[in-house]
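Please consult the sequence and the model alongside the text.

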Amino acid sequence: VFPSLAQAQASVANEVYQELGQPSVFLFCPTEYCSSLCSPSPSQSCYLQTIGQELLPGIGVIWTGPKVVSQELSATLLEEVEGVLQRRLVIWDNLYANDYDYRRVFLGPYMGRAPGLMPRLHGLLLNPNCELQANFIPIHTLGTWFQSELGSCAHPDHAGMEMVAALGDSQGPREGSYSPQEALDLALRDWVVEINQQALEPGR
């Protein structure tokens, strides 16, 4: 019926989206959902070009970045994909995901995401560790990053700045900037309080 997989997917997604009354949040995950899955590249991918042309503009497209688990995300890396898909992206962030290897648990701060990134995004989803309690620091530091991004939005001169080398500068973060080390310290302090509260509960 369809000349390509991309046209089939876009047609079905568009029909469901319209049947549901074009909801404000409707997400589509493409088969090529990161740069490493695109052939030969995002900008030259016939699949992504078709999705960008055929998918209705109100539908959000999920993207994980350069790889399935991306260590870094920057505005520059996303521009190419935004151009092909003709819309801002919803980042599906697998930084903490460990469903592919249960022997690994990630407890570090949210990092590798450039300042000023949020205004370029349609949304961000965090794929956490499978172990619930292990996600206190990931989610807490994501919140700190988000707050710093709101500060960047309020001060456009900071927006678009790339991550500086001295993220753990002892002078502290500039207004609207994010320090993974300071976010980690804050999360650890709050986690100790949470652990101590739980220890006082009956039966603990």
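What percentage of the contacts in the protein between residues at least 6 apart in sequence join residues at least 24 apart? With a contact defined as heavy atoms within 4.5 Å, the share is 73%. The model is predicted, so local features need pLDDT of at least 70 and side-chain atom pairs count only at pLDDT 80 or more, whereas totals for chains, interfaces and linings use all residues. Residues are numbered from 1 along each chain as its sequence is written, and side-chain values use heavy atoms, without hydrogens and water.

Five helices and four strands form the secondary structure, taken as DSSP runs (helices H or I, at least four residues; strands E, at least two) numbered from the N terminus. Their order from the N terminus is α-β-α-β-α-β-β-α-α. Of the 204 residues, 41% are buried (under 20% relative accessible area; exposed is over 50%, partly exposed in between; 1.4 Å probe, protein chains only).

Aromatic rings of Phe, Tyr and Trp (its six-membered ring) pair if their centres lie within 6.5 Å; planes under 30 degrees apart are stacked, over 60 edge-to-face, and the rest tilted. Tyr-110 belongs to the loop between strands S3 (89-93) and S4 (121-126) and Trp-145 to helix H4 (residues 136-154), so the pair ties together parts 35 residues apart in sequence. Tyr-110 is buried at 0% relative accessible area, and Trp-145 is buried at 3%.

Phe-136 and Trp-191 form a stacked pair, 5.6 Å centre to centre with 5 degrees between the planes. Because Phe-136 lies in helix H4 and Trp-191 in helix H5 (residues 180-199), this pair links parts 55 residues apart in sequence. Phe-136 is partly exposed, at 23% relative accessibility.
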